[in-house]
Every structure is written in structure tokens, then in C-alpha cells.
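Work through the exercises below with the model open. Each task is followed by a stepwise solution.

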Amino acid sequence: MDRSTPYPIWPFLLSVIFCFRGYMEWKYMRESRHHQVSILLAVVSLFFTGLMIFILLLKY
């Protein structure tokens, strides 16, 4: 892998992990409300992934 080129797959995988974690916390530990933080992190991560892809599309 060339480190000079950003790869949007890594932030996307991170956001998938946050989505899965938020879903599992929502399903099994709903009363603790930890799922709200995980879902918020997933949304922020998806936003930055989309922003990275948009910037890469404008660059090339």
C-alpha cells in the first residue's frame, strides 16, 4: 500500500464497527444508553468517510 494516497476503506470499516457496536448495545443494553455514543461516533465517522471520498473524487 502506498501511504501517500488516502484509502477511504479504513474509515469506512471503522464506521461499520461503530454501527455494529451501537446496534448490539441498543439491542442488549438499551437501558445503559451507551448505544447513543456509538451511533453518534458511527455518524461522524461516516460523514468524514464521505467527505474523504468526495475530496478524492474532486482531486482526480
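**Exercise 1. Which residue forms a salt bridge with R21, and how far apart are the closest N and O atoms?**

Step 1. The partner is E25, with the closest N and O atoms 3.1 Å apart. A salt bridge here is a side-chain nitrogen of Lys or Arg within 4 Å of a carboxyl oxygen of Asp or Glu. By this rule the count comes to one.

Step 2. Note the basis. This is a predicted model: local features need pLDDT of at least 70, side-chain atom pairs count only at pLDDT 80 or more, and totals for chains, interfaces and linings use all residues. Residues are numbered from 1 along each chain as its sequence is written, and side-chain values use heavy atoms, with hydrogens and water left out.

Step 3. R21 and E25 both sit in helix 1, four residues apart, about one turn of the helix. Helix 1 covers residues 9-28. Helices (H or I, at least four residues) and strands (E, at least two) are DSSP runs, numbered from the N terminus.

**Exercise 2. Classify E25 and R21: buried or partly exposed?**

Step 1. Set the cut-offs: buried is under 20% relative accessible area, exposed is over 50%, and partly exposed is in between (1.4 Å probe, protein chains only).

Step 2. E25 has a relative accessible area of 10%, so E25 is buried. R21 has 47%, so R21 is partly exposed.

Step 3. List the contacts of E25 (heavy atoms within 4.5 Å). Neighbours within four places in sequence aside, E25 touches R30, H34, H35 and S38.

**Exercise 3. How many helices and strands does the protein chain have, and what does its C-alpha trace span?**

Step 1. The protein chain has two helices and zero strands.

Step 2. Along its principal axes the C-alpha trace spans about 45 × 20 × 10 Å.

Step 3. Of the 60 residues in the protein chain, 17% are buried.

Note on methods:
Contact = heavy atoms within 4.5 Å.
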